[in-house]
Amino acid sequence: MSEHRTERKTERKTVLVTGANKGIGYEIAAGLGALGWSVGVGARDAERRETAVAKLRAAGVDAFGVPLDVTDDASVTAAAGLIEDRAGRLDVLVNNAGVTGSAPQMPTTVDVATVRTAVETNVIGVIRVTNAMLPLLRRSPSPRIVNVSSSVGSLTLQTTPGAETGPIAVAYSPSKTFLNAVTVQYAKELQDTDILINAACPGYCATDLNGFQGHRTPEQGATVAIRLATLPDDGPTGGFFDEDGVVPW
Ligand code: NAP
(Lines give C-alpha, C1' and ligand atoms only; values in the text may rest on other atoms or scores of the structure.)
Protein backbone atom coordinates (compact mmCIF):
# COMPACT_ATOMS: atom_id res chain seq x y z
CA MET A 1 0.00 0.00 0.00
CA SER A 2 1.36 3.43 -0.89
CA GLU A 3 2.19 6.02 1.75
CA HIS A 4 -0.38 8.35 0.18
CA ARG A 5 -3.09 5.72 0.48
CA THR A 6 -2.23 4.99 4.13
CA GLU A 7 -2.35 8.70 4.89
CA ARG A 8 -5.79 9.10 3.32
CA LYS A 9 -7.13 6.18 5.32
CA THR A 10 -6.47 8.01 8.59
CA GLU A 11 -8.59 11.03 7.61
CA ARG A 12 -12.01 11.55 9.18
CA LYS A 13 -14.56 9.46 7.34
CA THR A 14 -17.77 10.86 5.91
CA VAL A 15 -20.98 8.83 5.84
CA LEU A 16 -24.41 9.55 4.44
CA VAL A 17 -27.29 7.83 6.19
CA THR A 18 -30.62 8.11 4.37
CA GLY A 19 -33.75 8.42 6.52
CA ALA A 20 -31.60 9.41 9.49
CA ASN A 21 -34.03 11.75 11.24
CA LYS A 22 -35.45 8.99 13.45
CA GLY A 23 -35.62 5.28 14.18
CA ILE A 24 -32.83 2.95 13.11
CA GLY A 25 -31.30 5.51 10.72
CA TYR A 26 -30.83 8.01 13.53
CA GLU A 27 -29.10 5.39 15.66
CA ILE A 28 -26.83 4.39 12.77
CA ALA A 29 -25.88 8.06 12.43
CA ALA A 30 -25.29 8.33 16.18
CA GLY A 31 -23.19 5.15 16.28
CA LEU A 32 -20.96 6.11 13.36
CA GLY A 33 -20.74 9.68 14.67
CA ALA A 34 -19.49 8.32 17.98
CA LEU A 35 -16.57 6.82 16.05
CA GLY A 36 -15.56 10.36 15.11
CA TRP A 37 -17.02 10.21 11.62
CA SER A 38 -18.63 13.16 9.89
CA VAL A 39 -22.30 12.19 9.46
CA GLY A 40 -24.67 13.41 6.77
CA VAL A 41 -28.22 13.18 8.08
CA GLY A 42 -30.25 12.49 4.95
CA ALA A 43 -33.89 13.39 5.49
CA ARG A 44 -36.67 14.99 3.52
CA ASP A 45 -38.51 16.90 6.26
CA ALA A 46 -36.48 20.02 7.10
CA GLU A 47 -37.69 20.40 10.66
CA ARG A 48 -37.15 16.76 11.64
CA ARG A 49 -33.77 16.79 9.87
CA GLU A 50 -32.53 19.84 11.75
CA THR A 51 -33.83 18.48 15.05
CA ALA A 52 -31.86 15.28 14.49
CA VAL A 53 -28.73 17.21 13.49
CA ALA A 54 -29.00 19.37 16.61
CA LYS A 55 -29.44 16.30 18.82
CA LEU A 56 -26.43 14.59 17.28
CA ARG A 57 -24.31 17.72 17.60
CA ALA A 58 -25.32 18.04 21.26
CA ALA A 59 -23.96 14.51 21.69
CA GLY A 60 -20.64 15.61 20.17
CA VAL A 61 -21.20 14.24 16.66
CA ASP A 62 -19.94 16.13 13.60
CA ALA A 63 -23.37 15.99 11.95
CA PHE A 64 -24.69 17.95 8.99
CA GLY A 65 -28.08 18.00 7.35
CA VAL A 66 -28.58 16.64 3.83
CA PRO A 67 -31.98 17.46 2.33
CA LEU A 68 -32.94 14.21 0.64
CA ASP A 69 -36.00 12.54 -0.81
CA VAL A 70 -34.78 9.24 -2.25
CA THR A 71 -37.67 9.18 -4.74
CA ASP A 72 -36.70 12.49 -6.32
CA ASP A 73 -33.89 12.79 -8.91
CA ALA A 74 -33.24 16.49 -8.31
CA SER A 75 -33.11 16.04 -4.55
CA VAL A 76 -30.63 13.17 -4.82
CA THR A 77 -28.43 15.05 -7.30
CA ALA A 78 -28.40 18.07 -4.98
CA ALA A 79 -27.48 15.83 -2.03
CA ALA A 80 -24.46 14.49 -3.92
CA GLY A 81 -23.42 18.08 -4.70
CA LEU A 82 -23.73 19.08 -1.06
CA ILE A 83 -21.52 16.19 0.07
CA GLU A 84 -18.97 16.87 -2.66
CA ASP A 85 -18.75 20.53 -1.60
CA ARG A 86 -18.42 19.64 2.06
CA ALA A 87 -16.22 16.54 2.05
CA GLY A 88 -15.01 15.99 -1.52
CA ARG A 89 -15.76 12.31 -1.22
CA LEU A 90 -18.01 9.81 0.53
CA ASP A 91 -16.64 6.86 2.49
CA VAL A 92 -19.84 5.09 3.42
CA LEU A 93 -23.41 5.17 2.17
CA VAL A 94 -26.10 3.64 4.35
CA ASN A 95 -29.32 3.22 2.37
CA ASN A 96 -31.66 3.09 5.33
CA ALA A 97 -34.72 5.10 4.22
CA GLY A 98 -37.69 2.81 3.82
CA VAL A 99 -41.45 2.58 3.96
CA THR A 100 -43.84 -0.32 4.49
CA GLY A 101 -46.65 1.16 2.41
CA SER A 102 -50.16 1.25 3.75
CA ALA A 103 -51.87 -1.84 5.15
CA PRO A 104 -53.44 -4.28 4.51
CA GLN A 105 -51.20 -5.81 1.85
CA MET A 106 -52.98 -9.04 0.94
CA PRO A 107 -51.91 -9.94 -2.61
CA THR A 108 -55.45 -10.46 -3.91
CA THR A 109 -56.82 -7.14 -2.73
CA VAL A 110 -53.85 -4.77 -2.55
CA ASP A 111 -53.97 -1.33 -4.12
CA VAL A 112 -51.15 -1.54 -6.67
CA ALA A 113 -50.17 2.02 -5.75
CA THR A 114 -49.04 0.63 -2.39
CA VAL A 115 -46.72 -1.82 -4.13
CA ARG A 116 -45.41 0.93 -6.37
CA THR A 117 -44.66 3.19 -3.39
CA ALA A 118 -42.73 0.48 -1.55
CA VAL A 119 -40.66 -0.38 -4.62
CA GLU A 120 -40.10 3.28 -5.51
CA THR A 121 -38.66 4.04 -2.07
CA ASN A 122 -37.10 0.76 -0.92
CA VAL A 123 -35.58 -0.33 -4.24
CA ILE A 124 -35.48 2.37 -6.90
CA GLY A 125 -34.61 4.95 -4.24
CA VAL A 126 -31.61 2.86 -3.24
CA ILE A 127 -30.44 2.54 -6.85
CA ARG A 128 -30.95 6.26 -7.45
CA VAL A 129 -29.01 7.31 -4.34
CA THR A 130 -26.27 4.72 -4.80
CA ASN A 131 -25.60 5.71 -8.40
CA ALA A 132 -25.55 9.41 -7.53
CA MET A 133 -23.08 8.78 -4.70
CA LEU A 134 -20.84 6.28 -6.52
CA PRO A 135 -18.49 8.90 -8.01
CA LEU A 136 -17.89 10.23 -4.48
CA LEU A 137 -17.56 6.73 -3.01
CA ARG A 138 -14.96 5.84 -5.65
CA ARG A 139 -12.75 8.61 -4.21
CA SER A 140 -12.66 6.86 -0.82
CA PRO A 141 -9.87 4.38 -0.02
CA SER A 142 -12.34 1.98 1.66
CA PRO A 143 -15.85 2.60 0.34
CA ARG A 144 -18.75 0.72 1.90
CA ILE A 145 -22.43 0.58 1.01
CA VAL A 146 -24.99 -0.83 3.42
CA ASN A 147 -28.54 -1.51 2.26
CA VAL A 148 -30.92 -1.79 5.19
CA SER A 149 -33.13 -4.71 4.25
CA SER A 150 -35.19 -7.14 6.33
CA SER A 151 -35.46 -10.85 6.98
CA VAL A 152 -39.05 -10.57 5.69
CA GLY A 153 -37.38 -10.24 2.27
CA SER A 154 -35.76 -13.66 2.65
CA LEU A 155 -37.49 -16.11 0.30
CA THR A 156 -35.85 -18.95 2.20
CA LEU A 157 -37.45 -17.84 5.48
CA GLN A 158 -40.75 -16.95 3.77
CA THR A 159 -40.99 -20.53 2.50
CA THR A 160 -39.78 -22.21 5.69
CA PRO A 161 -42.77 -23.47 7.71
CA GLY A 162 -42.82 -21.91 11.16
CA ALA A 163 -40.22 -19.23 10.42
CA GLU A 164 -41.09 -15.78 11.78
CA THR A 165 -41.69 -13.57 8.74
CA GLY A 166 -44.41 -11.18 9.90
CA PRO A 167 -47.80 -10.68 8.24
CA ILE A 168 -48.47 -11.33 4.55
CA ALA A 169 -47.29 -8.12 2.87
CA VAL A 170 -47.15 -8.13 -0.92
CA ALA A 171 -45.61 -4.66 -1.09
CA TYR A 172 -43.09 -4.46 1.76
CA SER A 173 -41.67 -8.00 1.89
CA PRO A 174 -41.06 -8.38 -1.87
CA SER A 175 -39.56 -4.88 -1.95
CA LYS A 176 -36.87 -6.13 0.45
CA THR A 177 -36.43 -9.33 -1.62
CA PHE A 178 -35.92 -7.07 -4.64
CA LEU A 179 -33.46 -4.93 -2.65
CA ASN A 180 -31.48 -8.05 -1.70
CA ALA A 181 -31.32 -9.09 -5.36
CA VAL A 182 -30.20 -5.59 -6.32
CA THR A 183 -27.47 -5.73 -3.67
CA VAL A 184 -26.11 -8.93 -5.23
CA GLN A 185 -26.06 -7.40 -8.71
CA TYR A 186 -24.10 -4.37 -7.46
CA ALA A 187 -21.64 -6.64 -5.66
CA LYS A 188 -21.06 -8.57 -8.88
CA GLU A 189 -20.46 -5.45 -10.95
CA LEU A 190 -18.22 -3.90 -8.26
CA GLN A 191 -16.31 -7.06 -7.35
CA ASP A 192 -13.01 -5.78 -8.78
CA THR A 193 -13.23 -2.48 -6.87
CA ASP A 194 -12.61 -1.55 -3.22
CA ILE A 195 -16.34 -1.11 -2.69
CA LEU A 196 -17.99 -3.58 -0.33
CA ILE A 197 -21.80 -3.67 -0.51
CA ASN A 198 -24.00 -5.72 1.77
CA ALA A 199 -27.57 -5.98 2.97
CA ALA A 200 -28.42 -5.71 6.67
CA CYS A 201 -31.38 -6.94 8.68
CA PRO A 202 -31.83 -4.89 11.87
CA GLY A 203 -34.36 -7.27 13.43
CA TYR A 204 -37.81 -6.28 14.64
CA CYS A 205 -37.30 -2.87 16.25
CA ALA A 206 -39.74 -0.48 17.88
CA THR A 207 -40.04 2.40 15.40
CA ASP A 208 -42.68 4.45 13.59
CA LEU A 209 -42.53 1.87 10.79
CA ASN A 210 -44.41 -0.71 12.87
CA GLY A 211 -46.23 1.48 15.37
CA PHE A 212 -43.43 0.79 17.87
CA GLN A 213 -44.40 -2.90 18.09
CA GLY A 214 -40.87 -4.27 17.65
CA HIS A 215 -39.18 -6.03 20.55
CA ARG A 216 -35.74 -4.55 19.85
CA THR A 217 -34.58 -0.97 20.30
CA PRO A 218 -33.58 1.11 17.25
CA GLU A 219 -30.11 1.23 18.79
CA GLN A 220 -29.91 -2.57 18.74
CA GLY A 221 -31.20 -2.49 15.16
CA ALA A 222 -28.39 -0.14 14.16
CA THR A 223 -25.56 -2.46 15.22
CA VAL A 224 -25.46 -4.66 12.11
CA ALA A 225 -25.43 -1.66 9.75
CA ILE A 226 -22.65 -0.09 11.80
CA ARG A 227 -20.64 -3.31 11.57
CA LEU A 228 -21.10 -3.48 7.79
CA ALA A 229 -20.21 0.23 7.49
CA THR A 230 -16.93 -0.40 9.28
CA LEU A 231 -15.86 -3.63 7.55
CA PRO A 232 -12.13 -4.14 7.00
CA ASP A 233 -10.86 -4.20 3.42
CA ASP A 234 -10.99 -8.02 3.35
CA GLY A 235 -14.58 -8.04 4.59
CA PRO A 236 -17.47 -9.68 2.74
CA THR A 237 -19.41 -8.20 -0.16
CA GLY A 238 -22.72 -9.24 -1.69
CA GLY A 239 -23.94 -10.75 1.58
CA PHE A 240 -27.00 -10.49 3.81
CA PHE A 241 -26.37 -10.25 7.55
CA ASP A 242 -28.05 -9.68 10.86
CA GLU A 243 -26.51 -9.33 14.28
CA ASP A 244 -25.99 -13.10 14.53
CA GLY A 245 -24.37 -13.59 11.12
CA VAL A 246 -25.58 -14.63 7.68
CA VAL A 247 -29.29 -14.38 6.83
CA PRO A 248 -30.44 -16.81 4.13
CA TRP A 249 -31.54 -15.13 0.91
P1 NAP B 1 -38.85 4.78 10.54
O2 NAP B 1 -38.62 5.20 11.95
O3 NAP B 1 -40.21 4.92 9.96
O4 NAP B 1 -37.76 5.52 9.63
C5 NAP B 1 -37.83 5.47 8.24
C6 NAP B 1 -36.99 6.60 7.72
O7 NAP B 1 -37.01 6.57 6.29
C8 NAP B 1 -37.53 7.98 8.15
O9 NAP B 1 -36.44 8.82 8.46
C10 NAP B 1 -38.24 8.46 6.89
O11 NAP B 1 -38.29 9.86 6.78
C12 NAP B 1 -37.30 7.88 5.84
N13 NAP B 1 -37.87 7.91 4.51
C14 NAP B 1 -38.96 7.26 4.05
N15 NAP B 1 -39.17 7.56 2.78
C16 NAP B 1 -38.20 8.43 2.40
C17 NAP B 1 -37.89 9.11 1.23
N18 NAP B 1 -38.64 9.00 0.13
N19 NAP B 1 -36.79 9.90 1.20
C20 NAP B 1 -36.03 10.04 2.31
N21 NAP B 1 -36.28 9.46 3.47
C22 NAP B 1 -37.38 8.65 3.52
O23 NAP B 1 -38.50 3.24 10.34
P24 NAP B 1 -37.25 2.32 10.75
O25 NAP B 1 -37.82 1.12 11.38
O26 NAP B 1 -36.21 3.10 11.44
O27 NAP B 1 -36.75 1.89 9.29
C28 NAP B 1 -35.43 2.08 8.82
C29 NAP B 1 -35.11 0.96 7.85
O30 NAP B 1 -35.08 -0.28 8.56
C31 NAP B 1 -36.14 0.78 6.73
O32 NAP B 1 -35.47 0.50 5.51
C33 NAP B 1 -36.92 -0.45 7.18
O34 NAP B 1 -37.51 -1.13 6.11
C35 NAP B 1 -35.83 -1.25 7.86
N36 NAP B 1 -36.30 -2.26 8.80
C37 NAP B 1 -36.97 -1.91 9.92
C38 NAP B 1 -37.38 -2.91 10.80
C39 NAP B 1 -38.11 -2.59 12.07
O40 NAP B 1 -38.52 -3.52 12.78
N41 NAP B 1 -38.29 -1.33 12.42
C42 NAP B 1 -37.11 -4.26 10.53
C43 NAP B 1 -36.44 -4.58 9.37
C44 NAP B 1 -36.02 -3.58 8.51
P45 NAP B 1 -39.61 10.73 7.12
O46 NAP B 1 -39.52 11.01 8.61
O47 NAP B 1 -39.46 11.95 6.28
O48 NAP B 1 -40.79 9.89 6.78
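**View 1. The aromatic pair of the structure.** A search of the whole structure, which is a predicted model, finds one aromatic pair, where rings of Phe, Tyr and Trp (its six-membered ring) pair if their centres lie within 6.5 Å. The partners are Phe240 and Trp249, whose rings are stacked, with 5.4 Å from centre to centre and 25° between the planes; planes under 30 degrees apart count as stacked, over 60 as edge-to-face and the rest as tilted. A pair of aromatic rings is described by the distance of the centres and the angle of the planes. Phe240 is buried, with a relative accessible area of 1%, whereas Trp249 counts as partly exposed at 38%; buried means under 20% relative accessible area, exposed over 50% and partly exposed in between, with a 1.4 Å probe and protein chains only.

View 2. Cys201 is placed in the loop between strand E6 (196–200) and helix H8 (218–229); helices (H or I, at least four residues) and strands (E, at least two) are DSSP runs numbered from the N terminus. With a relative accessible area of 5%, Cys201 is buried. Leaving aside residues up to four places away in sequence, Cys201 touches several residues, including Ser149, Ser150, Ser151, Phe240 and Val247, where contact means heavy atoms within 4.5 Å. Cys201 and Val247 are 46 residues apart in sequence, and their C-alpha atoms are 7.9 Å apart in space.

View 3. The bond from Ala103 to Pro104 is cis, with omega near 0°. Pro104 itself is found in the loop between strand E4 (92–95) and helix H5 (112–137).

**View 4. The backbone at Phe212.** Phe212 has a phi near 60°, which is a positive value in a residue other than glycine. This residue lies in the loop between E6 and H8, and the loop between these two elements also holds Cys201.

**View 5. The chain around these sites.** The chain has eight helices and eight strands, and buried residues make up 49% of its 249 residues. Among contacts between residues at least 6 apart in sequence, 71% join residues at least 24 apart.

**Notes on the views.** Residues are numbered from 1 along each chain as its sequence is written, and side-chain values use heavy atoms, with hydrogens and water left out. In this predicted model, local features need pLDDT of at least 70 and side-chain atom pairs count only at pLDDT 80 or more, while totals for chains, interfaces and linings use all residues.
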